[in-house]
Amino acid sequence: MLEVKGLHKRYGDLVAVEEVSFTARPGEMVGLLGPNGAGKTTSVSMIAGLLKPDRGEVLIEGGLVRSETDDVKRRIGLVPQDIALHDELSARENLALFGALYSLRGKPLAAAMDAAFDVAGLTDRAQDKVATFSGGMKRRLNLAAALLHAPAILLLDEPTVGVDPQSRNQIFSNLEELKRQGKTLVYTTHYMEEAERLCDRIIIIDHGKVIANDSLAAVRRMVPSVNILEIGVENPGRDGWMGGLRTVAGVVAVEWDGAALSVTVKHLLEDSPAVLMWLHAHDYRCTHIASQRADLETVFLTLTGRSVRNA
Amino acid sequence: MSYTAFQALVKRDLRLFFQDRRAVTMSFVAPIVIGSFFGYLFGGVNNDREMSKIKVASVDQDGSAISKRVVASLTTDKTLDVSARGLDEARELVRGGKITVAAVIPKGFGDEAARALFRGTNKPQIELLYDPSHGPELQMVRGMLMQHVMEAVSGEAFSGTGARRYLDESRKEVARATGMSESDRKSLSKMLDSIGDWNQRPTAATAGASTGATAGVFSMPYEVKEEAVTARKGVAYNSMAHSFAGMCVQFILFMGIDAGMVVLQQRRTGLWKRLQASPTSRWTMVGSRAASAAIVAMIIMLVVFGFARVVFGVKIEGSYAGFLGVCLAFALMTATFGLLVSVLGKTPEATRGIAILVTLILVMLGGSWVPAFLFPQWLQQASFAVPTRWAVDGLDGLVWRGWGMQEALAPIGALLMFAAVFGAIAAWRFRWES
């Protein structure tokens with residue numbers, strides 16, 4: 001289990017991380033979400049022992065990292081945001097080096113490397129130089145390198161940046177398997193759809209502060225307008241119809257994009273019938289009706305007032 | 001310190017170094033090529049290479065027997081390439097760098113020089129027009145000219161065709177001279193008469209007594225026997241030995257800088273984070289880096305001196321153990337110097353230029369480019385404060401001066417001391433965090 005307590009980091013006048021606290025349990029994947037510069041990487045760096053916090057502490061399965069060579073560090077696997085591999089060496093030479101950093105040698109090292117190559121789907125490319133790999137293959141090897149010493153906690157700092165869809169799906173499958181194996185995973189990203197697919201719990205960070213920390217469902221419920229009705233209308237456009245719809249009880253917002261009507265309601269089940277009845281009463285013919293939940297992007301927008309990708 | 005991690009990091013550094021063609025070229029090929037070039041310039045193998053002649057123009061405006069004799073004598077000098085020119089042409093050739101020195105013998109030089117030999121006054125001038133970028137050659141030409149002029153003037157004054165005239169004029173000068181004591185006047189007159197009598201001998205007798213061109217002529221009163229003192233008698237100096245030592249030191253230091261740059265570059269990458277996240281101590285990190293750089297430095301020295309041995313016959317005339325000791329001590333010094341660069345530098349871009357400048361100064365003060373004896377006295381003493389001086393002196397001493405192990409202890413000790421100081425500062429200033 002990973003316990004992060006009141007982490008604080010300041011660079012001059014800039015507060016990079018302010019009182020960040022959370023817990024990640026075995027078999028749980030926690031997503032640290034936020035735009036670039038929000039403090040995600042700084043937080044992960046402090047958790048991994050790369051940066052010394054000004055305040056706060058990190059407990060790795062109950063233990064503090066007290067020195068450079070503390071055994072507690074063996075329980076953490078770090079997947080850095082940059083590709084942390086030597087291009088000039090073969091994939092096997094890279095893994096042999098990283099395994100040796102954790103005192104792996106001989107048969108245990110060979111077995112760990114074989115397993116890591118299997119996870120990354122790179123067994124047949126093990127002897128090739130990393131320079132010949134595609135971006136996606138490098139990302140998979142980057143992940144594999146962090147698994148060699150079988151850490152209990154895996155810190156993944158934006159592990160899918162610049163990855164093709166095929167490699168991304170493979171990485172997702174790997175992470176889901178690791179979660180099933182009982183590993184604790186902390187996943188930083190600014191791709192909301194990744195967090196929605198993978199994470200059990202979401203921590204949203206902005207300007208170094210945690211502004212949300214809950215399960216995915218609970219975080220979604222933090223947004224007032226959680227439901228949007230999409231309605232295809234065959235005969236739109238009579239004067240005042242948008243204004244009329246807005247008067248319907250429970251309707252928060254109405255938009256028309258020329259093909260479909262988006263009606264945001266407070267409560268899907270309670271408020272949708274009134275919207276449909278109003279359209280029927282005013283002779284609008286509906287071609288289809290669909291509903292969608294607010295996504296994390298909407299949550300972030302609502303909580304911070306800005307889009308995560310434009311922040 | 002984890003031995004497994006240490007070994008893996010050293011192995012990685014060596015693999016990366018030997019896969020880097022640029023690094024290998026700079027470290028192995030460059031010292032061999034440049035060392036060979038400088039060695040050739042400074043004498044080559046056994047110093048048996050013919051030195052290039054100094055180009056001299058003779059401008060004989062006098063045309064006297066003496067001036068002709070001077071020019072002829074200069075022309076036979078093996079170190080000079082003499083050609084006769086007019087004054088304007090000679091000046092233009094010197095200005096254009098085609099001729100190094102032009103010796104202008106003015107009209108009336110012969111008569112005035114012969115008279116000045118006896119009187120010591122009214123000396124004629126020989127004008128030397130010289131290329132200012134060839135100062136040392138000017139000094140050489142001046143010395144040679146003095147020798148040839150003395151021989152020509154004295155020969156002509158005492159035994160040449162005008163000898164009687166010069167003696168008669170001198171006798172009259174002595175008779176007219178005021179303020180001279182009577183006894184001095186008699187002695188000088190007697191000496192001039194004796195020279196005249198000697199010149200009046202029968203030609204055959206003169207030929208019989210005169211063996212060689214210098215009969216009756218002032219000539220150099222000594223001959224020089226030279227011996228290059230090397231490791232022992234019979235061992236010729238091979239200038240490749242010094243040039244290879246100097247270039248080896250220079251390019252190994254460059255390799256040390258590169259080793260430091262690699263650390264600075266790694267700091268910017270995820271590799272550094274991965275290292276830092278692992279239970280790897282700073283001692284493992286710093287020590288492995290130093291060890292790999294020292295191994296590379298040792299390999300470079302052995303390969304470069306091996307090449308010098310096979311191709312140019314540069315032998316280790318001194319203690320082999322001492323030679324290996326100096327190589328090892330210098331390798332460690334270089335490795336710690338690289339570490340120092342890596343911990344004191346902020347970014348590779350900002351550090352590289354300064355590090356190269358510092359290295360070039362170290363190399364220059366160490367005597368890698370020009371021997372330290374050419375430095376002013378104070379600088380010769382001051383240069384012992386830089387490690388390269390100890391390295392170059394140590395390698396010179398063991399390769400061709402024939403130093404024993406005991407003499408090698410001083411450079412070994414000095415280099416190890418520098419390595420210890422650099423290493424201690426590097427470990428003290430090492431920070432995982434950027």
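In the predicted model, helix α2 (residues 21-41) of chain B and helix α12 (residues 282-312) of chain B have axes that come within 10 Å and cross at roughly 40°. An angle of 65 to 115 degrees would count as roughly perpendicular and one under 35 degrees as roughly parallel; α2(B) and α12(B) are therefore oblique to each other. The crossing in which α2(B) passes α12(B) is right-handed. On the α2(B) side, the contact is made by B:Ser27, B:Phe28, B:Pro31, B:Ile32 and B:Gly39. The residues that α12(B) brings to this contact are B:Ile300, B:Val303, B:Val304, B:Phe307 and B:Phe312. Sorted by class, the contact between α2(B) and α12(B) comprises 8 nonpolar and 2 polar residues, with no charged residues.

The average pLDDT of chain B is 85, and 92% of the residues score at least 70. Over residues 204-215 of chain B, however, pLDDT stays under 50. For this stretch, the model has 6 contacts beyond four places in sequence. For the complex, the predictor gives an ipTM of 0.77, together with a pTM of 0.72.

Chain A is divided into two parts, domain 1 spanning 2-220 and domain 2 spanning 227-293. Taken over C-alpha atoms, the centres of domain 1 of chain A and domain 2 of chain A are separated by 44 Å.

Definitions and conventions: Residues are numbered from 1 along each chain as its sequence is written. Chains are lettered from A and ligands numbered from 1 in the order in which they are written. This is a predicted model: local features need pLDDT of at least 70, side-chain atom pairs count only at pLDDT 80 or more; totals for chains, interfaces and linings use all residues. pLDDT is the predictor's confidence in each residue, from 0 to 100. Two residues are in contact if their C-beta atoms, placed from the backbone, lie within 7 Å. Axes are lines fitted to C-alpha atoms, for helices over the stretch in contact, and angles run from 0 to 180 degrees between N-to-C directions. Helices (H or I, at least four residues) and strands (E, at least two) are DSSP runs, numbered from the N terminus. Angles under 35 degrees count as roughly parallel, over 145 as roughly antiparallel, 65 to 115 as roughly perpendicular and the rest as oblique. A crossing is left-handed if the near helix is turned anticlockwise from the far one by less than a right angle, and right-handed if clockwise. Ala, Val, Leu, Ile, Met, Phe, Trp, Tyr, Cys and Pro count as nonpolar, Asp, Glu, Lys and Arg as charged, and the others, Gly among them, as polar. Domain bounds come from an automatic or database domain assignment.
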